[in-house]
Amino acid sequence: MSRADATVVAADAATDATGVHTAVATPQSPLPVGLAAESARTWEAVSHVPPVPDELRPPQGASVTERVRALHRRHLLRERRAQEFVADTMNSRKGLPIADNRSVVRFMRGLLSQSRMLVIAVVAANALAATAGLLVPRLLGDLVDSTVADVQAGRVDAAMAGANSAALVVAGLVVLQSAFTLAAKISSAVLGQGVLATAREYVVRAILRLPLSRVESAGSGDLVTRVTRDVGTMSESVRWALPEAIVASITVALTLVAMISNSVVLSAPSIVLMALALVQVRRYLKRASKGYLTEGGTYSRINTTLTETVEGARTVEALGLARHRLQRGDDDIAVSGQAERYTMTLRNLLFAVMDVAFSTPRVLVLLLGSIGYAQGWASLGQITTAILYTEALWGPFDMLVSTVDRVQVGIASTTRLLGIATVPADRQAGDDVPVGSELVGSDLRYAYRADHDVLHGIDLDLTTGERLAVVGPSGSGKSTLGRLLSGIHGPRTGSVTVGGVELTSLPLDTLRTEVALVTQEHHVFIGSVRDNVVLAREGSSDEAVRAALKAVDALDWVERLPEGLDTKLGSGHHELTPGRAQQIALARLILADPHTIVLDEATSLIDPRTARHLEGSMNALLTGRTVVAIAHRLHTAHDADRIAVVIDGRIAELGSHEELVARQGEYAALWHAWTS
């Protein structure tokens, strides 16, 4: 019977974000019934804390007054949760931190200072455009007063001539304003794109400097969210919100000056209501940053859970954990929904105040103007100008508030991105230079969690040119040992030295010329085949690239590509199979030419026949180098000089293939199982 035929679909009860139970069809675990049941009991025994407390759920059957009070309590609770999240994230020693607002201000000030002339051009062009636009209402107000005076005096021809002259001046001002606006838009676009490019380069450099241990503790979901959603949000803020905020600020400031110069009394309603609106804006700004940071954190949590579930799909199926993973995803979405409700409430409160402040000044200006005209202290021209300035003021002010909201989102994302740069280095480079190429590990212990060592006092002394195979069951610590021997991680206790110098004290560019690690993960970057290979040693000739490709049996298929070494690889271009992508990674290793190589199941993604042929073809090239091969295919161990059998974080056996088979111990059992 096939596996598909043996699959039995069972309906599990899952709870969605609203607490409603729904039937979810999940495949039954392929494990024996007893073992599957034990796995389920293990997960169900873990106490499940509700992701959304009952206090955040709306009351049922309550009165309007009680519902309003409950809404206020929920808002305060969401605010406290956002504050706690930001505090925990900023003080956390695990995962990726976030930067403070001062860091964002310094960062943006530094970016803008690099384009000082462009900033001046943006400010000047927008100021001139705003000034040209603000002259029109004043001109129309003067025209109203002069026309009324001429008509009352019977000078109709003079009134018509004045109107014609004013029309020409207005047309000239409109053309002038259009020209200045075009210059402002162009300079704003150039400024935004330049600042964005510099910011992205900074973020990429910060990401590339991240210690791998910190990336692993953070999880891929958080980093992916930061380099996708947060980069996109920051891009929008830099390209659009930041220039628009500059434009709106200049326009609002100049409009206020023009309003006051026209009539202090008629400008009072707009100024007073704007000041009251700014109180709510300030309240919003004080809380919004934490709300948006919390939103970003929940998106990272959703991505992390989804990534883990997809990557571990086979394990989820084998252990019957589908219902638990679905519940985890529902919980993450529920938490994210609460974070978004908080920021949505902040925006609703802000825009409600803005709508009142936007509509009321029109009425008040007309009311004051009619009183002033009746009492003789305001002319029709002043009233006309005041109304036009009121309209001209609240448009840019509304735009300023809207862009401030977008800037807040951008600041939150920038804070998360800058947090990457605050991660401290996991090593301090020294000045010592290795003497020789002997790799020695002494009393190696390592823990991913406090008080939970996965390696327990391992000692290894490798001679130059030796080939050591590291074998053992999954989870025994083989890959962790490989990362210590290649200098990726520093040991909790003990040391790993090359030529008498601690690996983690070597600068990274020097370290990779001494020891290199190749894992089963492969990466193909957008660029030509040549570009992908010479990453290891820039400036290498085509002959060196071809020699490296030939050493890993990749030259034949590369030469059959449409453009050979110039063929574009990566997303949107020629796609490589996992095996060929791994061959490119191995070619980089060969071009880097380190004296010690750590292969962590480097050929696991290649079919066994190709892998066997590939490993055989590399033998000649690897002669004279120290090779540590962490392998799950025991034929690799058979060809090694020595074999280290790692069991539960300890070296249980160490010796040649013949010696270990003769001992009839752990390795012999593995070998017999492999060859039977």
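**View 1. Strands E6 and E7 form a hairpin.** E6 and E7 pair in the antiparallel sense over 2 bridges; two strands count as paired if DSSP finds at least two bridges between them. Helices (H or I, at least four residues) and strands (E, at least two) are DSSP runs, numbered from the N terminus. Look for Thr-497, whose bridge partner in E7 is Glu-502. Between the strands of this hairpin there are 2 residues, and Gly-499 takes a positive phi near 60°.

Before we go on, a word about the model. It is a predicted one, in which local features need pLDDT of at least 70 and side-chain atom pairs count only at pLDDT 80 or more, while totals for chains, interfaces and linings use all residues. Residues are numbered from 1 along each chain as its sequence is written, and side-chain values use heavy atoms, with hydrogens and water left out.

View 2. Strand E3 (residues 439-449) is joined to E4 by 8 bridges in the antiparallel sense, and here Tyr-446 stands opposite Leu-455 in E4. E3 also runs antiparallel to strand E6 (residues 493-498), with 5 bridges between them. Arg-445 has Thr-493 as its bridge partner in E6.

**View 3. A second open sheet has 6 strands and mixed pairing.** Follow the strands in the order E8-E11-E12-E5-E13-E14. Strand E8 (515-518) and strand E14 (650-655) stand at the edges with a single partner strand each, so one side of each is left without a neighbour in the sheet. From one strand to the next, the twist averages 15°. Strand E13 (residues 642-647) and E14 run antiparallel and are joined by 5 bridges; the partner of Ile-643 in E14 is Gly-655. Helix H22 (residues 666-675) lies across strand E5 (467-471), E13 and E14, and runs at about 100° to E13. Axes here are lines fitted to C-alpha atoms, for helices over the stretch in contact, and angles run from 0 to 180 degrees between N-to-C directions.

**View 4. Helices H6 and H12 cross at roughly 45°.** The axes of helix H6 (residues 156-208) and H12 come within 8 Å. That angle makes H6 oblique to H12: angles under 35 degrees count as roughly parallel, over 145 as roughly antiparallel, 65 to 115 as roughly perpendicular and the rest as oblique. The crossing is left-handed, a name used if the near helix is turned anticlockwise from the far one by less than a right angle, whereas clockwise gives right-handed. Tyr-202, Val-203, Ala-206 and Ile-207 of H6 make the contact with Leu-417, Leu-418, Ile-420 and Ala-421 of H12. Contact means heavy atoms within 4.5 Å.

**View 5. Helix H4 passes H6 in a right-handed crossing.** The axes of helix H4 (residues 101-113) and H6 come within 10 Å and cross at roughly 125°, which makes H4 oblique to H6. On the H4 side, the contact is made by Phe-107, Met-108, Leu-111 and Leu-112. The H6 side brings Leu-191, Val-195, Thr-198, Ala-199 and Tyr-202.

**View 6. Ile-411 sits in helix H12 (residues 380-421).** Ile-411 is partly exposed, with a relative accessible area of 23%; buried means under 20%, exposed over 50%, and partly exposed in between (1.4 Å probe, protein chains only). Not counting residues up to four places away in sequence, Ile-411 touches Asn-101 and Val-104. Ser-237 is 174 residues from Ile-411 in sequence, yet their C-alpha atoms are 8.2 Å apart in space.

**View 7. Thr-343 lies in helix H11 (residues 322-375).** Thr-343 counts as buried because its relative accessibility is 1%. Leaving aside neighbours within four places in sequence, Thr-343 is in contact with Gly-291, Tyr-292 and Glu-295. The side chains of Thr-343 and Glu-295 are joined by a polar contact of 2.4 Å. A polar contact is a pair of N or O atoms within 3.5 Å; within protein, one must be able to donate a hydrogen and the other to accept it, and residues adjacent in sequence count only if both atoms are side-chain atoms.
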